[in-house]
Amino acid sequence: MQETTPEIYIDGEKVDFTTGSLTKQGGNTASKLSFTIPGNSVTYRKYWNKEVLYYFDKSDSSPMFRGYIMNADINNNFSVNFMALDILGFLTGLDRAAVPLTEDNNVDGMSIGGALKKMIDMAKLQNKVGTDFLGDTNPIALMPVLRGRTMILDTIVSQLNGTYNVDNVKLPLRNFLKVIDDGSKGQLIFNLESNLETSVPIYTFDYASNIINFSIQNRKIPTIITVQGKKSSAIFKHESAAVALGDNSFNVTKNDLTSKAQCMDFAQKIFNINVQNKYEYTLNTTEGAYLEENDVVRIVDDDTDINGMFRVIGKTIAFGNGSHQVTLEINKQAPLLDSFLA
């Protein structure tokens, strides 16, 4: 295993820590850095909302995580557990940013990228949430008419759920938001899912080289599906699946659906294809710490006969006491339908 010396800086000052973990779940969610600072003189108030940088190794030229302290818990052993979120943290949670959209100040007809930038400016978050490299979705999609108090990220994700790229692919590819670092600030950028049919893998994992453990588990299956058509909508709930798997919601917009019956049929198809693709894969490995969401890797596992190309959807790095462990969440092509092309 590669030996590393991780470093954490708060407000530009290097701090001593005992253990920590970095969790990147992907899927338009905020990345989280948790770490423990020893000592009975540590106060949360001193560090609240301060910028945090985490370097996987002290030789790295750029941080693996840049974010802001959002919470802390005092331990009985005279230490404090800190939790920091990246810039998407300002757009998630109970206090997530919202803006008032009116007849005079709105995002009607703007592209998704243009609307996101404007709403971040309206929320006065441009000093924290960078949009210099944001770009736009592929294909470009336009925003509907919205009024009233509007949650920024909720609204954007809702539009992304109906915006797929269908150019020369077997299954439509999703658009999603990703955070990158420009050396001084966290920047939002739109990404298109990698095409597993054409992508060149960055890493190959096998038991002889770098796999510690490879496991399969059930993925979250949407059991309550809302489909918004052009002028109609429908809500499909699979009652028995909801009892067994939980009330997991999924919303999608498909403007070529013109009746409630069409919306209901489409919702049922989404449920069925998710049931058919109900597994996710977890890879514990000695390598791959620098892999990020949407990177493509190759897995060779003769024990489970699961071989082929996978897309990284998230990762967790546990570090401290002179060692680290990398866990990758990977998956095959997103569980969407060929009928999305219709």
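How many nonpolar, polar and charged residues does the lining of the second largest pocket have? I looked it up in a predicted model, where local features need pLDDT of at least 70, side-chain atom pairs count only at pLDDT 80 or more, and totals for chains, interfaces and linings use all residues. Residues are numbered from 1 along each chain as its sequence is written, and side-chain values use heavy atoms, with hydrogens and water left out.

**Pocket entry.** I found nine nonpolar, six polar and two charged residues in that lining (Ala, Val, Leu, Ile, Met, Phe, Trp, Tyr, Cys and Pro count as nonpolar, Asp, Glu, Lys and Arg as charged, the others, Gly among them, as polar). A pocket here is an open set of points on a 1 Å grid over the protein atoms alone where a 1.4 Å probe fits, with protein on both sides within 12 Å along at least five of seven lines; lining residues have an atom within 4 Å of a point. The 17 lining residues include Gly162, Thr163, Thr253, Lys254 and Asn255, which lie nearest the centre. Helix H3 (152–160) and strand S17 (249–253) are the elements that give two or more residues to this lining (DSSP runs: helices H or I, at least four residues; strands E, at least two; numbered from the N terminus).

**Whole-chain entry.** I noted five helices and 21 strands in the protein chain. Next I checked burial: 47% of the 342 residues are buried, meaning under 20% relative accessible area with a 1.4 Å probe, protein chains only. The C-alpha atoms fill a box of roughly 60 × 60 × 40 Å, taken along the principal axes.

Definitions and conventions. Buried < 20%, exposed > 50% of the residue type's maximum accessible area, 1.4 Å probe, protein only.
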